[in-house]
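Here is a short briefing for a first look. Please go through it with the sequence and the 3D view side by side.

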Amino acid sequence: GWVVSNYLTAGVEPQPHGNDNFTAAPSGTFRAQDGMLNIAANKQEQFEALVGALGLPELATDPRFARREDRKRHRAALTALLEAQLGRQPCAHWEAQLGRIGIPVGAVLSVPQALALPQVQHRQLLKRLEPSAGLDRPLTVTRCGFKLSGGDPDVVTPPPTLGEHTDELLQSLGYTAGDIAQLRAEGAV
């Protein structure tokens, strides 16, 4: 949620913060020819199928990688060997080939790529709000990620500007107009 909102409101595209699953190897994010792939070959048979599909069947019997714990200890070496092969083809190729043989795999999408997916458009996840007080441009926000049979939740107003509801909130807590003026004079609000 927050990474999408940060991208939509401020144009800040998030960056990856780590690639490995520490419970298994190879399981995490790996570089392919045109981007990153998340691969989860957690089971022994998935590992063997993966290295076979990559044209590296010998890795299944290599003592550094033959067992799950060995693969975790030698993760860096295994990743280098896998990425050398993955780098020969684009993500779409590997998604199709590895998915077909039962290995969980998917391209890592940027926020703009994810927001451009047909299902995001079809489900109307995004809503464009026209400029209003405090906004000098249209603002796109996310709607709820679920649908209801009795009518979908909707966003009808833009998020409040900083301090927009301060007086109203303080009054609801029992502060008087004089109290609020004093708080402002003191720089507390």
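Contact here means heavy atoms within 4.5 Å. The model is predicted.

**Lys127**
- Lys127 is part of strand β4, which covers residues 126-129.
- Is Lys127 buried or exposed? Its relative accessible area is 16%. Buried means under 20%, so Lys127 counts as buried.
- Pro57 lies elsewhere: from C-alpha to C-alpha, Lys127 and Pro57 are 49 Å apart in space. In sequence they are 70 residues apart.

**The open sheet**
- Three strands form an open sheet in the order β1-β2-β3, and their pairing is antiparallel.
- Which strands stand at the edges? They are β1 (27-32) and β3 (105-107). Each has a single partner strand, so one side of each lacks a neighbour in the sheet.
- From one strand to the next, the twist averages 25 degrees.
- Strand β2 spans residues 35-40 and pairs with β1 over six bridges, in the antiparallel sense.
- Within that region, Phe30 has Leu37 in β2 as its bridge partner.

**A helix across the sheet**
- Helix α5, made of residues 91-100, lies across β1, β2 and β3.
- Relative to β3, helix α5 runs at about 165 degrees.

**Gln85**
- Gln85 sits in helix α4, which takes in residues 75-86.
- Gln85 has a relative accessible area of 16%, so this residue is buried.
- What does Gln85 touch, not counting residues up to four places away in sequence? The answer is Leu54, Leu56 and Trp94.

**Aromatic rings**
- How many aromatic pairs does a search of the whole structure find? The search finds zero.
- A ring does take part in another arrangement: the charged end of Arg71 sits over the ring of Phe47. The distance from that charged end to the centre of the ring is 4.2 Å.

Technical notes:
Residues are numbered from 1 along each chain as its sequence is written. This is a predicted model: local features need pLDDT of at least 70, side-chain atom pairs count only at pLDDT 80 or more; totals for chains, interfaces and linings use all residues. Side-chain values use heavy atoms; hydrogens and water are left out. Rings of Phe, Tyr and Trp (its six-membered ring) pair if their centres lie within 6.5 Å; planes under 30 degrees apart count as stacked, over 60 as edge-to-face and the rest as tilted. A charge sits over a ring if NZ of Lys or CZ of Arg is within 6 Å of the ring centre and within 35 degrees of the ring normal. Two strands pair if DSSP finds at least two bridges between them. Helices (H or I, at least four residues) and strands (E, at least two) are DSSP runs, numbered from the N terminus. Axes are lines fitted to C-alpha atoms, for helices over the stretch in contact, and angles run from 0 to 180 degrees between N-to-C directions. Buried means under 20% relative accessible area, exposed over 50%, partly exposed in between (1.4 Å probe, protein chains only).
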